[in-house]
Amino acid sequence: MFERFVDAARRTRATTGAVTVLVSRRFSTVRAADIIVVLAEGRVAEVGSHVDLMASCGTYAELFALQARAYT
C-alpha cells in the first residue's frame, strides 16, 4: 500500500507540482522521501536525502542504524 501511495504522490508532483508531507517514525518509510526533515526539540535539525543524511553521520543516521539493528 505504501509503495502505491509513493507512486501516486510522485505522479501528482510531476503533473501538478504538488507536495506531499508524510510524517513517520519508521525509517524504511522515510527512506523513500525525496527530502527528509529531522525535527529535534521542535526545531529543524537536519534536512536532506537519505543518502545525504546517512553520510552526515548525524541524528538521522544514528536513529536509522538503531532501528535497522532491530530488524536484523
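Visitor: Why is His50 called buried in this model?

Guide: In this predicted model, His50 has a relative accessible area of 11%, and since the word buried is kept for values under 20%, His50 is therefore counted as buried. His50 is found in helix α3, which covers residues 50-56.

Visitor: What makes the pair His50 and Tyr60 a polar contact?

Guide: The side chains of His50 and Tyr60 are joined at 2.8 Å, and because the cut-off for a pair of N or O atoms is 3.5 Å, the pair falls within that limit. Leaving aside residues up to four places away in sequence, His50 touches Arg31, Ile36, Tyr60 and Phe64.

Visitor: Which residues make up the largest nonpolar core?

Guide: That core has seven residues, namely Phe27, Val30, Ile36, Val38, Leu53, Tyr60 and Phe64, and each of α2 (27-30), β1 (36-40) and α4 (59-70) supplies at least two of its residues. Val38, one of the core residues, touches Leu53 and Tyr60 among others, when residues up to four places away in sequence are not counted.

Visitor: How do you know that the lining of the largest pocket is divided among nonpolar, polar and charged residues?

Guide: The lining residues divide into 20 nonpolar, five polar and four charged. The pocket has a volume of about 1000 Å³, and of the 29 residues that line it, the closest to its centre are Leu22, Ala33, Ile35, Ile36 and Val37.

Visitor: Which element gives the most to the lining of the largest pocket?

Guide: Helix α1 does, with six residues, while α1 (2-16), α2, β1 and α4 each supply at least two.

How values were computed. Residues are numbered from 1 along each chain as its sequence is written. This is a predicted model: local features need pLDDT of at least 70, side-chain atom pairs count only at pLDDT 80 or more; totals for chains, interfaces and linings use all residues. Side-chain values use heavy atoms; hydrogens and water are left out. A nonpolar core is a set of buried Ala, Val, Leu, Ile, Met, Phe, Trp, Tyr and Cys residues joined through side-chain atoms within 4.5 Å. Buried means under 20% relative accessible area, exposed over 50%, partly exposed in between (1.4 Å probe, protein chains only). Helices (H or I, at least four residues) and strands (E, at least two) are DSSP runs, numbered from the N terminus. Contact means heavy atoms within 4.5 Å. A polar contact is a pair of N or O atoms within 3.5 Å; within protein, one must be able to donate a hydrogen and the other to accept it, and residues adjacent in sequence count only if both atoms are side-chain atoms. On a 1 Å grid over the protein atoms alone, a cavity is a set of points where a 1.4 Å probe fits but cannot get out, and a pocket is an open set with protein on both sides within 12 Å along at least five of seven lines; lining residues have an atom within 4 Å of a point. Grid points are joined across faces, edges and corners, and a volume is the space filled by probe spheres set on the points. Ala, Val, Leu, Ile, Met, Phe, Trp, Tyr, Cys and Pro count as nonpolar, Asp, Glu, Lys and Arg as charged, and the others, Gly among them, as polar.
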